[in-house]
Amino acid sequence: MADELERPGETRESGGSEPHLPSPSIWPFAFAGGIALVLVGLIVNLWVTVIGAIIAVVFAFLWIREATREVRQAPAEPEPPPAIPTGEEEPGPARYGRARFLEGTTLGLGALIGGIVTVPVLGFAVAPAFVDQGHDDVDLGPLENFPEGTFVTTTFYSKEDEGTVSRRTAFVRYNGPKDGVPSFTIISNRCVHLGCPTQPQGLPGDSKDVETSARPVTLAEVASVSGFGCPCHGGAYDSEGNRTAGPPVRSLDRYEFAIKNGNLWLGKPYSVGNVSGQGADAEIEAYRQADPGVHVDGPEQIFYPVTP
Ligand code: FES
């Protein structure tokens, strides 16, 4: 008798009266792996996301194909024999059972509620990473406000329409003319360890508001700046923004600039690997702006690609 017991996973021929259980499939696991890769890629690298999405789509297709194979391969129903008139009323169209209706309704409602709860959360969590959070060009006012060789702490709005949350600070130094063109060193105050505001190491003067074509800009001269310090974890930088001590991983970010109608305009920020030389003669290793804590050069950029 024991030999007649059916074992799990065993397919038996028994005259076709017993249902066939579907064989185990690896497609769901591969699909889940693809989704996991997509999520990891959102943190690490866009290309990992793309590869994960491709894997997820391919294995979802294979999974659906396998799940629907029996339906697709079901033999065509034989033609019913012609009805013999009996004088009785013909049966109506086929009807669905209550259990099937409840099953469909429950699944549909579950999917709807899941979508309503999940989609906004995903949107708020993931969408900002794909939205341009760029930076408007900012009018910092007339060049005369920036005396040669002196750092001026400059506070401005990086996005006109976003108000106070877009207030930023940069340290601006006029280096004098180079090849007949005014040269400026413009360093961001954002510490490249974890983003705290750095402070100039010098003698602060009075601040003043300057009316420009944008919102007011606040300027404060700082005399004899020897470098910049971060109050959070002791990060230190020299007067060109190079890291000299503490946990920051690169030099302070800088801003592009332009001169328009006698005014200094701040452009886009960019990241810096290292600066050699000083002032107008500085040679800057420039990179696309990276978040604090991210290496932009050297082998570390390969080993530590994740934004903290
Ligand atoms: S945030 Fe500046 S040293 Fe940590």
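This is a predicted model: local features need pLDDT of at least 70, side-chain atom pairs count only at pLDDT 80 or more; totals for chains, interfaces and linings use all residues.
Residues are numbered from 1 along each chain as its sequence is written, and side-chain values use heavy atoms, leaving out hydrogens and water.

Back to that pair. Strand β9, residues 236-238, runs antiparallel to β10 and is joined to it by two bridges; two strands count as paired if DSSP finds at least two bridges between them. Strands here are DSSP runs of E with at least two residues, helices are runs of H or I with at least four, and both are numbered from the N terminus. Which strands make up the open sheet? There are four, in the order β5-β8-β9-β10, with antiparallel pairing. At the edges sit β5 (199-200) and β10 (243-245), each pairing on one side only.

Now the hairpin. Strands β3 and β4 form it with two residues between them, and Asp179 in the turn has a positive phi of about 55 degrees. Eight bridges join β3 (residues 167-178) to β4, and the two run antiparallel. Val172, for example, has Ile186 in β4 as its bridge partner. How covered is β4? Mostly: six of the eight residues in 181-188 are buried, meaning under 20% relative accessible area with a 1.4 Å probe, counting protein chains only.

Zooming out, the protein chain has five helices and 13 strands, and buried residues make up 30% of its 308 residues. Thanks, everyone!

Technical notes: Buried means under 20% relative accessible area, exposed over 50%, partly exposed in between (1.4 Å probe, protein chains only).
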